[in-house]
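Please look over the sequence and structure shown here before reading on.

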Amino acid sequence: MPSSSSLAPFPPADYPDLPSNWDEMWDPAAGVRPHWAELVSGLSGLGARDWAARNQRIKRLLRENGVTYHVYDDPRGYSRTWELDPLPLVLDAAEWQTIEAGLDQRARLLDLLLRDLYGPQQALRRGLLPPELILAHAGYLRPLQGALPTGRRQLIFYAADLVRGPDGRVWVMADRTQSPSGAGYALENRSVMARTFPEFLEGDRVTRLNAWLDAVQATLNGLAPWSREMPQVVVLTPGPANETYFEHAYLAARLGYTLAQGDDLTVKDGRVWLKTVEGLKPVDVILRRLDEEWCDPLELRQDSRLGTAGLVEAVRRGSVALANPLGSGLLENPAILPFLPALARHLLGEELLLPTAATWWCGQEKERKYVLANLNRLVIKPINRGLSSETVFGGDLDRRQLAAWKARIQAEPHLYVGQEPLSLSTVPAIQAGRMVPHRASLRTFAVGRAEDEGYAVLPGGLTRCVAGGKLSGQSGALNKDTWIVPAQASQAVLRAPPRRREQSLLTSRAADNLFWAGRYLERAEAVARLLRTVLDGLWEEETAPGLAPVLTALMALMGYAPGQCGCGDRPDLAACVRELTTLGERPGNLAQTVRALLGCAYGTREYWSVAIWRLLDRVERDWGQGSKRPKRVTPSQERTDLWLGRLIDTLAGLAGLASETLPRESAFRFFDLGRRVERGLTQATLLAHTLDSRLGGEAERESLSLVLQSADSLVTFRRRYRTEPFLAGVLELLLWDGDSPRSLLYQLKTARRHLAELSHASLRSNAERLLFSAEDRLYATENTITDLHVDADERLLLSTTLGELRSLLAGTSDAIGHTWFTHVQELHALRPLPPEPEED
Amino acid sequence: MPIFRVEHSSHYHYPGEVGLNYGEARLLPRDTPGQTVLDRRLELNPRVDDLHQRDDPWGNRVAWFCLRQPHRELTVTAVSRIARRPPGGSPGEPVAWESVADTLAGPAPTEPERQGDWLAARECRLASPLVPLIPRARDYVSSSFPPDRPLDEALADLCARIQADYRYQPYATGIDTPISEVLEKRHGVCQDFAHLALAGLRGLGLAARYVSGYLETTPPEGQPRLEGADASHAWIAVWHPDGRWLDFDPTNGSPTGEGHLTLAWGRDYADVAPLKGVIVGGASHRLEVGVTVTREA
């Protein structure tokens, strides 16, 4: 483990000199390279404990900030924590300047090419590019031909993967133009490093990254088709299941933009609109992180459920700008690479500054012959992304495989390129506590400014490395921060206007998720408390009769009808409990409720604070797939009690923090509404079952004590009444006491206050009306109980009322959904209001 | 110069209420060297909230529309009048089909006004979503293409063979029936035969495109003509170095005639589907289509 030793001596004596290799830090002839010297001497001075603490700190910060990278169908669940190596890649500022100029040039060239290919197609007409190279590429989106606005920059975001060869030259391995990802991770890497190694990063030692986001914001705002003081920009994401969803949410939060999924947008009157809780709002600019082919089921992939019908038409009418535009993935075609030098001369009148790996497109006869003759040492790449075949190294293939590849290439030669394999330089990284050379590549990022200003390049980037072997797939790669030293004043900072913190709009989807996060949080807590109460009760056998109402209430909350808990025909309390307390996932049970809560939280991650992420992360670890929690329990198992206790504490902490940190705007109101509605339902259910049980005597006292315990109100009751629990007192405290945050009345009043704030000034929402009548109902029963004894008639009346309140609350939840979350019929076509309550 | 009136109506029934309906129609005919569109209009019922027309990169007229009111049915009717020039004029020098393929494979023409057509032809030499270049299609087609045979002669032979070898059988195939299945079962409808011919011709290095349109049908002797009894039709057109595209109808085994009215063209059916749409709210739909072609003069 890294904690066992310090880094001194740095580099260690056993840091190997690999033959015919360039190491970024270590020059076998001269030792540590000069631009690494400061870092090396600084790290050598760290003691073992200090070094270990900093390693821990990196891990903790990444977990707490929720920096995750999803891998589809990963058995470990939704989120995999980002792995950041404590050693950065250090680059010399003078060299960086040449790289920066090369990237700017390449981006300018690709921008011109993009505009030509979707416009006049001069490159194809004049033979600068063979037509098949473009026309047979899956990234050429025909509906966009002629649709991109002319006369302005179209390639807004550009990324390039760079590597360094054995001679020290930097090469471009691939261009990323479709919807390049990674810049958010690079920025987050830096902020974690800055908090871990402040002595290296404070002041002006390493070029800062902050200004780049200002350039991004200025660019995006400037793209708005109609100049507006505050253009509406949204970040379009495929949703929480996407591998880089963290970055989408991160950028939305950092830039003050609304995070939206395809469903959150609708096309009307030739414009794109955002569905928000305040109605439809026009959208000017879309930062697109949804792959282009999925963006419009009408004109692009018809099977897409992630897009917005009509988006292409809105683009065609010029009412919305997309960054990057639809169709830009075309430029990722590796078959373009061999033509770039000539294109640069023709379109820019410049020589290409950065070299690219030698590439041969098999659509040309001579080139095809060369590739087929040298297949065993070349890299084979399909020109289309997402074909079943990924990059293949000819050297890895046996004779049969080589023959199969030759046949494939010969059948459709224009779909493949052969590429000279690039050798990757090494960089030190920590592996099992030791410093080991890793093969590295650097993803760099650029954003296009006004046409005459070129591109702003992020001074640094995302370095990824692996120990030995090739860097092909992303799995198993380690990430690094990238330092440019000595520090340079960033060019981007000069032109960027001061960033204003904008209030992003609450989308209907986010409101929906927040509301349900509130409901699931409350339900999970209630069920966990009840489960624990039941388990405690069974511990002492003699209290079993008093347990029955709590148990039936628990079953009702989980959606079981009495007798349907799976314990067979013969009601057997112990068997029932075993079924209900199973912690494995069953529909409606605790484990499933917790998963649903996590799902809603991931869907709204830009609203949650760091501290909340820490707690959500704990819940995920305990309750996500692959956690070590017991799947089955016996009632007396202490471990179960421990798990439940931990969950209850975490959930209570979550609720408290959310109330503290969510801004008192609509986001908080929807979240808290969910909690109030759910708690109202829970409380009504619990008390109705208690009333219906008609236990009386000692059993009733026991039962009431359990009810209070599960409502976390036993102490309050004892303090107030200074006696054993009795029915009238429990009802008073849990139903009508408007000051007690556990009472039903409190839930109704609080929920109604939120609704009043959310509704349009003159318009009272349906949900509000339903809550009004629920309150009326509750008040009407307040004087039912005249003395300390609750007789059978009073029990019946109250139990009936509680039933009515439950349906009113369920109706409230539905009405909230209709009013704020569904926009299918738009706001003007909402359902008619229900009749006023009948009684006075 | 005969004038035709074409009415093409599509009626959608949705089992449930549809709240949002976005669609694209390629139902308005275009001008071609052989026809002039005198007028054309598109009617939608109920009235749509947004309707916008444009020409796609092939030059076909496209209407984009959107309905945002709840509805249970939708009717899209296109009515047009087309003046057809009789085919004729000088057929030009016969050109061997291989030299057509060679010209096409060569560099772009230097005259800017010819480059657009050349580029379209290069595109029509490639596989497309519904026309994969399968060897069996090329093998079938190539027996009509012995060395040095003039292109139009070879095409006439190919179309006659398709008509003789394949049975016209409506409803046996769907829009996404693969060519391999058509080859296997030896039956299909006009669009299957067009796709089969396209796959083979492109496999030989020729540029061939898919044409959608209508065919005037003559009612059986002594019977009145039935409204809506006609249907959409499809055939192929092959690039010729003199700048013409030669229209051939594999379903009827011949070059196209006076009664062939062009609607649109593209790489295959997917580029020119008359109607496509996305609905929100309704799950499925039932569609009735009626086409009537009448000769006015």
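## A strand and its neighbours

Ile286(A) has Leu322(A), in S14(A), as its bridge partner. This is a predicted model, in which local features need pLDDT of at least 70, side-chain atom pairs count only at pLDDT 80 or more, and totals for chains, interfaces and linings use all residues. Residues are numbered from 1 along each chain as its sequence is written, while chains are lettered from A and ligands numbered from 1 in the order in which they are written.

**Around strand S13**

- Strand S14 (residues 321–323) of chain A runs parallel to S13(A), and three bridges join them; strands pair if DSSP finds at least two bridges between them.
- Strand S8 (residues 233–236) of chain A also pairs with S13(A) in the parallel sense, over four bridges, and here Val235(A) stands opposite Leu287(A).
- Strand S13 (residues 285–288) of chain A is covered on both faces, with Val285(A) and Leu287(A) buried on one side and Ile286(A) and Arg288(A) buried on the other; a residue is buried if 20 or more other C-beta atoms, placed from the backbone, lie within 10 Å of its own.
- S13(A), helix H10 (residues 311–316) of chain A and S14(A) form a right-handed β-α-β unit, meaning that, with the strands pointing away from the viewer, the path from the first strand over the helix to the second runs clockwise.

**Chain A as a whole**

- Chain A contains 27 helices and 24 strands, which are DSSP runs numbered from the N terminus (helices H or I, at least four residues; strands E, at least two).
- Of the 840 residues in chain A, 50% are buried.
- Helix H18 (residues 590–602) of chain A has 13 residues, which at 1.5 Å a residue should span 18 Å, and its end C-alpha atoms are 18 Å apart, which agrees; the expected span is 1.5 Å times one less than the number of residues.
- Among the buried residues of H18(A) are Leu590(A), Val594(A) and Tyr602(A).

**Domains and the partner chain**

- Chain A is divided into domain 1 (89–336 + 423–495), domain 2 (358–419) and domain 3 (508–822), with bounds from an automatic or database domain assignment.
- Eleven residues of domain 1 of chain A are in contact with ten residues of domain 3 of chain A, where contact means that C-beta atoms, placed from the backbone, lie within 7 Å.
- On the domain 1 side of this contact with domain 3 of chain A, the largest share, three residues, comes from H9(A).
- Between the chains, 20 residues of chain B are in contact with 24 residues of chain A, and H2(B) gives the largest share of the chain B side, four residues.

Definitions and conventions:
Two residues are in contact if their C-beta atoms, placed from the backbone, lie within 7 Å. A residue is buried if 20 or more other C-beta atoms lie within 10 Å of its own, exposed if 12 or fewer, and partly exposed in between; C-beta atoms are placed from the backbone.
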